[in-house]
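Open the structure in your viewer and keep the selection panel at hand. The tour goes from one selection to the next, and at each stop there is something to look at before moving on.

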Amino acid sequence: MKHRPAQVRPGRRRILKQAASVGVLAATMPHLLYAQGDDLAPYRSAKVNWKQVEGESISVAVIPASYFDNLGTLLPQFEALTGIKVRIEKVPPGQIRQKAILDLSSKTGTYSTHAADPMYYPLYVANKWVEPLDKYLHDATLTDKAWFNYDDIHKAWRDADSVDGKPYGIPYDGEVTVQVYRKDLYDAKGLKPAETYEELLSNAKALNDPANRVHGLALRGFSGAGQNMYIYPSIFRGFGGGWFKGKDVVVNSPEAVAALQWYVDALTNYAPPAVRNWNWPDIADAFSQGTVATYIDAHSSAAVLNNPEKSKVIGKIGFARWPKGPNGKRVTSIWNWGFPINASLTEKQKKATWLFIAWATSAETQARTSWKFSGPAKRSGLNRVSSWKSPEFAAAMGGAGVNFIPAALESLEQDTDVEWRPRVPQWPAIGETMATAIQSALVGQKKPKEALDEAQARIQQILKG
Amino acid sequence: MGVSVPRPGDTLARQERRFALALLAPALLVLLLTTTAPLFYLAWTSLQRIDLGMPWLSGFAGLDNYSKMGADPRFWNSLWLTFVYTGSTVVLQVVIGLSLALLVLQIPRGQGVLRVAAILPIVLAPVVVGLFWRTLVLSPEFGLVDLVTRALGLGSHNWLGDPQLALISVIAIHTWQWTPFAFLVLLATLATLPPDVYEAARLDRASAWQRFIHITLPLARPAIMMVVILRMMTALSAFAAIFAATGGGPGSATEILNLYAYRTSFTELNLGYGAALAMVLLALTLVISYFMFRLRRAR
């Protein structure tokens, strides 16, 4: 009797651990191992002592995604290079923020680092949960600046993982939202990928044919800070909206209402009816089944579209940048998964964690998880400008579709906007409030103005506390 | 436990009581630590201002979290939804469960099979039920319900995407899962009702309806009340199925108090206010259960 409640937890935890280690095992299956796995020369050319904290062990929380699986398969190389043991735990994307916050706020140091949502850095920093990384970047014993070349990482992502100019996370993988369209359908009607929001709608209108199960347009409609509040900010900024009036967050400006109205109309008129419950995998699935003519979402969803087992549209896919909003701006996401350092670790563990981060985000590892990777899934969210411009990357991504790399790279370089979403410590509450408001407008429960006015009232309450 | 040396003046009964207490102590202690202590911690948290988004404001807040609810439309909305959800699911479960039980009693054979079939939804985890309904039953175009409504010419509907339909849908999900419980309890009760009373009534020419109103209902009343109390407590604290099916959405259309407390604490990271909401739900459940038990004893 006494033991029953006490046993439940370790039992479950053990199962989780076992599950995690099975995952790692599966990920390190020999046939997936990088062919020249023992070639560590590119890392050893860095003027740092990789073995300085040999024998430490760290744990890393990531989401189950191929771009992290690829990194997992390279861990034996990292362990050979540094003598640091790494345990990877896979946490579903819907839970990783909560798990990380639980760990960080209770200072248990369970995760030395985790795949962090860029919008959460202000919260982490306000609570002093993560280390400022400038001191690691500037410490010659820890970082060979010339070798690591921090400035080679996309500026938008560096900025997104920084607070007040100080880096708190190093981007590992990321994405930009782009237009994905059916080239064959567009060509048949002589359409061009949209340059403006109106063209996006007129293209959708021209191709919308629900009777034959082809819908003109799809955008994420599911409620969530990472779902509808991932698409809406781009539209909002394209309509010329700004999140701040002085120091206050304002979400019910006339631009905001117009943007939400546009979003509602676009989905109501041209999207599959279920789109209000759809996240990106649902949209990518529908597109790969040929029932959606255009969507705007992460460039990395191309991997789903080109899966020969599922997709019926391989070879018919085109990519283009976001169309311009009424204010002439194209606004794409600045989403990336970065790695921060948990502030409640010991100094030695922090160094070990930094070495892991430096290794994972280095140009060499980026290449080894992408075009040099021997498995089928080549990563497309590389963190470095030089990688994006390399011919090897172009060759590896060649089959993704028409204009894939130019569309994504131009978006990365020109259309990103750090003020895409309001970067404040209260973001989790604001993001959730906005997601709820947007959804109530999308499903017709409330008018856009009414939904945003209510969100504004609530956000004011949240901010004053 | 060491050997207890009998002290002078101890009766055997007292020794035994002490021994029993010693045996129970570990279990009680664990219970205290795992259920009561967190409850007090929750109450304490509800008096604090703990908002991880604004750590600089943390501190003791007294009853601020509670007074804030008065002006919080989402709180009132969730409270209203809690009552709607609880009331409708309990009534539906009892009515459908009782009707099914009466119907099945008329079946001479095969009751055992029906009883086993009825248990199936109960043993499913509510999360599984929520996901199952969301993906297989209620999804537009592919879902079972949509197939039926389209076949009947009622058209395709976004069952979980439309605010009103979503509320009806989560009520249907809960009713589907838990009606069998009411059914089984009431079936067992009805089967034990004394046949001689009915025989006497029949001799007095009481109609079937009169027999139901004046005999069956009063005799089954204790069982019905028990079902109502138990189901009410479950419905008030329902979470997993709604969380899996709609997440409280669309908007806040299915956000009962429990989900609102969860969202506030773990999505918006306002732990103090979330704890206060949970305390309100706890108080509500206690008060309602207290009155239901009194109602049960009355008469």
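How many bridges join strand 1 of chain A to strand 2 of chain A? Select residues 57-62 of chain A, which form strand 1, and then strand 2, and you will find that six bridges join the two strands, which run parallel. Please keep in mind throughout that this is a predicted model.

Now widen the selection to the whole sheet, which is open and made of three strands of chain A in the order 2-1-3, with parallel pairing. Strand 2 (85-90) and strand 3 (113-114) of chain A stand at the edges, and each has a single partner strand, so one side of each is left without a neighbour in the sheet.

Next, show chain A as a whole, where the secondary structure comes to 22 helices and twelve strands. Its C-alpha trace spans about 60 × 55 × 50 Å along the principal axes. A compact globule with 465 residues would have a radius of gyration near 23 Å, and chain A agrees with this because its own value is 23 Å. Of the 465 residues of chain A, 52% count as buried. Among contacts in chain A between residues at least 6 apart in sequence, 76% join residues at least 24 apart.

Which residues touch the most other members of the largest nonpolar core? Select A:Phe356 and B:Leu277, which hold that place among the 172 residues of this core. Around B:Leu277, leaving aside residues up to four places away in sequence, you can pick out B:Phe75, B:Leu257, B:Tyr260, B:Ala261 and B:Thr264, all of which it touches. A second, separate core has ten residues, including B:Ala101, B:Leu186, B:Leu187 and B:Val227.

The last stop is the contact between the chains, which takes 32 residues from chain B and 26 residues from chain A. On the side of chain B that touches chain A, select helix 1 (12-45) and helix 11 (257-267), the elements that give two or more residues to it. The largest share, four residues, comes from helix 1 of chain B. Coloured by residue type, this side of chain B divides into 14 nonpolar, twelve polar and six charged residues.

Note on methods:
Residues are numbered from 1 along each chain as its sequence is written. Chains are lettered from A and ligands numbered from 1 in the order in which they are written. This is a predicted model: local features need pLDDT of at least 70, side-chain atom pairs count only at pLDDT 80 or more; totals for chains, interfaces and linings use all residues. A nonpolar core is a set of buried Ala, Val, Leu, Ile, Met, Phe, Trp, Tyr and Cys residues joined through C-beta atoms within 7 Å. A residue is buried if 20 or more other C-beta atoms lie within 10 Å of its own, exposed if 12 or fewer, and partly exposed in between; C-beta atoms are placed from the backbone. Two residues are in contact if their C-beta atoms, placed from the backbone, lie within 7 Å. Two strands pair if DSSP finds at least two bridges between them. The radius of gyration is taken over C-alpha atoms; the globule rule is 2.2 Å times the number of residues to the power 0.38. Ala, Val, Leu, Ile, Met, Phe, Trp, Tyr, Cys and Pro count as nonpolar, Asp, Glu, Lys and Arg as charged, and the others, Gly among them, as polar.
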